[in-house]
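Here's a quick briefing for anyone meeting this structure for the first time. Have a look at it first, then work through the points below.

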Amino acid sequence: MKITVDEEKCCGAGQCVLIAPEVFDQRDEDGIVILLDAAPPADQQELVRESAAVCPAAAIVLSEDA
């Protein structure tokens, strides 16, 4: 799995950080997503899928073939 985030789309809702804090964080000044691990280990991948699914701005894009 490979993750990319579109900072321009991110609205700072923070759902990704709540669900997968080992993979996502937020900038202090504006809440925009920070990707901590673009290729997370297998034990984090289901949480990443859930984060992408609940992102209100669809700012998280997953590629399963990586």
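D30 counts as partly exposed, because its relative accessibility of 40% falls between the 20% and 50% cut-offs. Keep in mind that this is a predicted model. D30 pairs up with R27: their side chains meet in a salt bridge, at 2.6 Å from N to O.

**Salt bridges**

- The structure holds five salt bridges.
- R27, the partner of D30, is partly exposed as well, with 27% relative accessibility.
- R49 meets E64 in a salt bridge between side chains, with 3.0 Å from N to O. This pair ties together distant parts of the chain, since E64 sits in the segment after β4 while R49 belongs to helix α2, 15 residues apart.
- E64 is partly exposed, with a relative accessibility of 44%.
- Some salt bridges share partners, and these join E7, R27, E29 and D30 into one network.
- R49 also forms a salt bridge with E46, where the closest N and O atoms are 3.4 Å apart.
- How far apart are E46 and R49 in helix α2? They are three residues apart, so about one helical turn separates them.
- E46 is exposed at 54% relative accessibility, whereas R49 is partly exposed at 29%.

**The two sides of helix α2**

- Helix α2 covers residues 42-54, and its buried residues are Q44, Q45, V48, S51 and A52. Looking down the axis of α2, you'd find these buried residues within an arc of 125°, so they line one face of the helix.
- Which residues of α2 are exposed on the other side? They are D43, E46 and A53.
- What covers the buried residues of α2? The cover includes β1, α1, β2 (24-26) and β4 (60-63).

- Is Q44 buried or exposed? Q44 is buried, because its relative accessible area of 8% is under the 20% cut-off.
- Once you set aside its neighbours within four places in sequence, Q44 is in contact with E22 and V23.
- Q45 also has its place in helix α2, and it is buried, with a relative accessible area of 18%.
- Not counting residues up to four places away in sequence, Q45 touches M1 and P40.

**The nonpolar core**

- The largest nonpolar core has 15 residues, and those with the most contacts inside it are I3, C16, V23, F24, V48 and I60. Two elements, α1 (15-19) and α2, each give two or more residues to this core.
- V48 is one of the buried residues of α2. Residues up to four places away in sequence aside, V48 touches M1, I3, V23, F24, P40 and L62.
- M1 and P40 come up for Q45 too, as residues that it touches.

- D6 lies in the loop between β1 (2-5) and α1.
- D6 is partly exposed, with 30% relative accessibility.
- The D6 side chain reaches the backbone nitrogen of E8 at 2.9 Å.
- How many residues lie between D6 and I32 in sequence terms, and what is their spacing in space? They are 26 residues apart in sequence and 9.6 Å apart from C-alpha to C-alpha.

- Where is A39 found? A39 is in the loop between β3 (33-35) and α2.
- A39 is exposed, because its relative accessible area of 53% is over the 50% cut-off.
- Along the chain, A39 and T4 are 35 residues apart, and 9.4 Å separates their C-alpha atoms.

Technical notes. Residues numbered from 1 in each chain as written. Predicted model: local features only at pLDDT ≥ 70, side-chain atom pairs only at ≥ 80, totals over all residues. Heavy atoms only, no water. Helix = DSSP H or I, 4+ residues; strand = E, 2+ residues; numbered from the N terminus. Buried < 20%, exposed > 50% of the residue type's maximum accessible area, 1.4 Å probe, protein only. Contact = heavy atoms within 4.5 Å. Core = buried A, V, L, I, M, F, W, Y, C linked by side-chain atoms within 4.5 Å. Polar contact = N/O pair within 3.5 Å; in protein donor to acceptor, adjacent residues only side chain to side chain. Arc of directions from axis to C-beta. Salt bridge = Lys/Arg side-chain N within 4 Å of Asp/Glu carboxyl O.
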